[in-house]
Amino acid sequence: MDKLIIKSRIRDFDVEFVDDFSFVDKLLDLKNYVVIVGQTVYKHYKNTIFSRFPKEQLIIIKLDEKRKTLDTVMKIYKKLLPLSSKKNLTLISFGGGINQDVTGFVASTLYRGINWVYIPTTLLAMADSAIGLKTSLNHESYKNVLGTFYPPSKIYICTDFLKTLKKTDYLSGVGEIIKFMLMKKNPVKNLDGSINKIEELKLNNNKKFIINVIKESIEIKKSYMEGDEFDLGKRNLLNYGHELGHALEATSNFAVPHGIGVIIGIIFANLVSVHRGWIDEKLNKKINRLLLLPNIKTIKLKKEYFNYEIILEKIKKDKKRISDKLPLVLPKNNFELVKIIDLDFDEFGTTLHKLIKIIV
Ligand SMILES: NC(=O)c1ccc[n+]([C@@H]2O[C@H](COP(=O)([O-])OP(=O)(O)OC[C@H]3O[C@@H](n4cnc5c(N)ncnc54)[C@H](O)[C@@H]3O)[C@@H](O)[C@H]2O)c1
Ligand SMILES: [Zn+2]
């Protein structure tokens, strides 16, 4: 059996890699369960997966970043509360990071916590968010500001789901994996290998290879989470690229997907490091040319997404901000990541200007 164990102070759980959809048989054996799935995933897998579940145990909802809210959570509570199964209810969610966040929030709050099985269906969720132990909701214009720490009790990863993913959504996952390639041990020494790996991953045609890259990403993420499950220290470094990335998701009205925003955020953070003399300019140019810039091309980036005042406003709202200045995770020396909390607005503005010149 192909399993990884994730340890958590809340509960340990395993991530099982499965070859095909026959794992659904095991879900059907569960007693009191309800399946939660977004409309898009439902449509793609209606005949192969969802028609196998009894209709009354299936909740199909509209899901997108605007609906990752308490409103959606309350609609789900409304359907679950009348059921006779209470604490013994298991939620089963099929979907990307958005469904994970919504179902995870419901599972963690209903009856102070019920069982939850998660089947990630996007590359981003398989390689990154699924094992994050966190649930997050957006509130008004604030992203991921409500949430809980609550791992699923079991995760099944089946890369067959990736066949129906839109190219942009697949590349969003690639973006988050690029971040892990820059966070692994000796990232500079391993740079050429990482560049080749990402090129092959983008082809989305070699199942065994994709599974290995997902496993590697999970191991890297685990190494940052170990000993800091609740985000008080080194786990914060996983936010590399996310400060500006989250802001761009918002200013583009989510036309820039999460992982692409992360790549742009990494380019930005690295520019600050070059300016401070913390990383070599030549190395940075190589990373941009071969690893980062080729992977943001699928999105038409408009200048208006990068408006200084609006971006600054968004970054000021980031939940990780703890001082008057701005927080940023950035590389130092041999690409060792550090978190600073004193990026001033001038340095932010001049770097944003440089970034626009490079990418728009
Ligand atoms: N909780 C965490 O630890 C954590 C970590 C990272 C990211 N996130 C969150 O995850 C979200 C991004 O996740 P995502 O990239 O998976 O996005 P997503 O869940 O929005 O999925 C992207 C799109 O792909 C569609 N889709 C999903 N699976 C499909 C499939 N197999 N075939 C066809 N279409 C499919 C979805 O309907 C959606 O339109 C963000 O909201 C981010 O904040 C959470
Ligand atoms: Zn992310």
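Predicted model: local features only at pLDDT ≥ 70, side-chain atom pairs only at ≥ 80, totals over all residues.
Student: Which atom of ligand 1 is 2.8 Å from an N or O atom in the side chain of T121?

Tutor: A nitrogen atom. E65 has a polar side-chain atom 2.8 Å from an oxygen atom of ligand 1.

Student: How do you know how much of ligand 1 the protein buries?

Tutor: Ligand 1 taken alone exposes 860 Å², and the protein buries 86% of that area.

Student: What makes up the shell around ligand 1, by class?

Tutor: Six nonpolar, 10 polar and seven charged residues. At least two shell residues come from each of α2 (39-45), α4 (97-109) and β8 (142-149). Of the 23 residues around the ligand, those that come nearest are E65, D101, T121, T122 and T164.

Student: Why is S93 called buried?

Tutor: Its relative accessible area is 0%. Buried means under 20%, so S93 qualifies.

Student: Where does S93 lie, and with which side chain does its own side chain make a polar contact?

Tutor: S93 lies in strand β5 (residues 90-95). Its side chain pairs with that of W116 at 3.0 Å, which is within 3.5 Å and therefore a polar contact. Beyond four places in sequence, S93 is in contact with residues including I36, N99 and V117.

Notes:
Residues numbered from 1 in each chain as written. Chains lettered and ligands numbered in written order. Heavy atoms only, no water. Near = heavy atom within 4 Å. Polar contact = N/O pair within 3.5 Å; in protein donor to acceptor, adjacent residues only side chain to side chain. Areas by Shrake-Rupley, 256 points an atom, 1.4 Å probe, with all protein chains shown as cover. Helix = DSSP H or I, 4+ residues; strand = E, 2+ residues; numbered from the N terminus. Nonpolar A, V, L, I, M, F, W, Y, C, P; charged D, E, K, R; others polar. Buried < 20%, exposed > 50% of the residue type's maximum accessible area, 1.4 Å probe, protein only. Contact = heavy atoms within 4.5 Å.
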